[in-house]
Amino acid sequence: MGTFLAGFILLLVYLNLPLVETPKEKALKRELKNMELQFEVLNKKMSLAEKVLADVQERDNNLYRVYFEADPISEEQRKAGFGGVNRYRNLEGYENSKLISETSQRLDILMKQIVVQSKSLSQITEMAKEKEELLSAIPAIQPVENQNLKRMASGYGMRMHPILKYRKFHSGMDFSAPRGTPVYATGDARVKQAKRDGGYGNLIILDHGFGYETYYAHLREFKVWRGQHVERGQIIGYVGSTGLSTAPHLHYEVHKDGRVVNPVNFYYGDLNSEEYDIMLEQAQMENQSLD
Ligand SMILES: [Zn+2]
């Protein structure tokens with residue numbers, strides 16, 4: 001019997017079980033259990049926060065940053081700064097060290113990700129503002145009223161020149177219209193030039209920023225002066241036939257980064273897709289230009 005009891009005690013010692021639990025130990029155990037429970041709740045809440053943030057990050061990378069043509073933020077950038085040094089050393093050496101340090105680390109990563117996300121959103125706000133400016137500045141309407149599209153007389157490309165009588169590169173689009181027809185700024189801009197300029201006759205050059213300029217040639221008269229700010233749709237002058245021109249018309253050019261481009265791609269503000277097709281077809285006709 002004595003041997004049996006001794007063996008039982010040895011077993012308890014081996015299993016590291018307390019022989020007798022004092023009320024204080026009981027209370028501490030309860031408290032510990034409660035703390036573990038609290039950590040569990042905390043971790044569940046963090047899981048939820050992580051999920052919400054992951055969703056925001058996903059939209060940020062795949063929608064907002066794509067829309068504004070910014071590179072997505074990589075996983076490494078979003079989670080950077082948590083390798084190497086063990087910053088949770090002070091939490092080591094206790095029974096619940098692992099739980100506490102893992103929870104702290106999780107929270108730190110979450111906070112860091114929120115900072116990165118917040119910076120990205122501020123950047124997007126900036127880009128949105130700039131995009132708005134770009135959208136109002138970029139040439140996007142026809143320079144004269146042209147509802148039935150009959151005024152577009154000659155497109156961009158090689159055309160027979162009416163005065164020089166040989167095929168010459170036509171660097172813009174001709175809109176035939178009666179003398180005095182209003183000419184509109186095709187986007188928000190600053191007037192870079194409003195004066196007589198050789199074969200162009202009376203010429204207005206608008207600087208839209210973002211590398212865009214538009215030219216309005218052969219005008220009868222100006223309604224703006226150099227340095228003035230104009231808005232899309234504002235009357236800047238009137239159709240005429242000054243300079244090297246055979247009949248009243250507006251010669252319209254679009255320049256991007258110092259080079260002429262085909263204006264046909266810059267009427268999306270006032271042409272629907274069918275109208276655009278008609279315009280495109282007319283613009284491609286190998287007719288004679290008016291200047
Ligand atoms: Zn022309």
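Figure 1. Asp-174, in strand β4 (residues 173-176), and Asp-291, in the segment after α5, link distant parts of the chain, 117 residues apart. Helices (H or I, at least four residues) and strands (E, at least two) are DSSP runs, numbered from the N terminus. Both Asp-174 and Asp-291 are buried; buried means under 20% relative accessible area, exposed over 50%, and partly exposed in between (1.4 Å probe, protein chains only). Residues are numbered from 1 along each chain as its sequence is written, and side-chain values use heavy atoms, with hydrogens and water left out. Because the model is predicted, local features need pLDDT of at least 70 and side-chain atom pairs count only at pLDDT 80 or more, whereas totals for chains, interfaces and linings use all residues.

**Figure 2. The aromatic pair of Tyr-212 and Phe-266.** Rings of Phe, Tyr and Trp (its six-membered ring) pair if their centres lie within 6.5 Å; planes under 30 degrees apart count as stacked, over 60 as edge-to-face and the rest as tilted. The count by this rule is seven aromatic pairs. One of them joins Tyr-212 and Phe-266 in an edge-to-face arrangement, with 5.8 Å centre to centre and 70° between the planes. Tyr-212 belongs to strand β8 (residues 212-222) and Phe-266 to the loop between β12 (259-261) and α5 (273-284), so the pair ties together parts that are 54 residues apart in sequence. Tyr-212 and Phe-266 are both buried.

**Figure 3. The tilted pair of Tyr-216 and Tyr-252.** The ring centres of Tyr-216 and Tyr-252 are 5.3 Å apart and the planes stand at 45°, so this pair is tilted. Tyr-216 lies in strand β8 and Tyr-252 in strand β11 (residues 249-256); the pair therefore ties together parts that are 36 residues apart in sequence. Tyr-216 counts as buried because its relative accessibility is 0%, and Tyr-252 is likewise buried at 0% relative accessibility. Ring pairs link Tyr-216 and Tyr-252 with Phe-175 and Tyr-267 into a cluster.

**Figure 4. Charged lysine ends over tyrosine rings.** A charge sits over a ring if NZ of Lys or CZ of Arg is within 6 Å of the ring centre and within 35 degrees of the ring normal. The charged end of Lys-131 sits over the ring of Tyr-67, 4.9 Å from its centre. The ring of Tyr-212 has the charged end of Lys-256 over it, 5.0 Å from the ring centre.

Figure 5. A salt bridge is a side-chain nitrogen of Lys or Arg within 4 Å of a carboxyl oxygen of Asp or Glu. The whole structure contains 12 salt bridges. In one of them, Lys-33 pairs with Glu-36, the closest N and O atoms being 3.7 Å apart. These two residues both lie in helix α2, three residues apart, about one turn of the helix. Lys-33 is exposed, with a relative accessible area of 56%, whereas Glu-36 is partly exposed at 28% relative accessibility. Asp-55 and Arg-59 also meet in a salt bridge (3.3 Å, N to O); they are four residues apart in helix α2 and so are separated by about one helical turn. Asp-55 is partly exposed, with a relative accessible area of 40%, and Arg-59 is partly exposed at 38% relative accessibility. The salt bridge of Arg-78 and Asp-60 (3.0 Å, N to O) links distant parts of the chain, with Arg-78 in helix α3 (residues 75-79) and Asp-60 in helix α2, 18 residues apart. Arg-78 is buried at 3% relative accessibility, and Asp-60 is buried with a relative accessible area of 0%.

**Figure 6. The loop position of Lys-150.** Lys-150 is placed in the loop between α4 (97-137) and β1 (152-154). Its relative accessible area is 64%, so Lys-150 is exposed. The C-alpha atoms of Lys-150 and Ser-176 are separated by 8.5 Å, the two residues being 26 residues apart along the chain.
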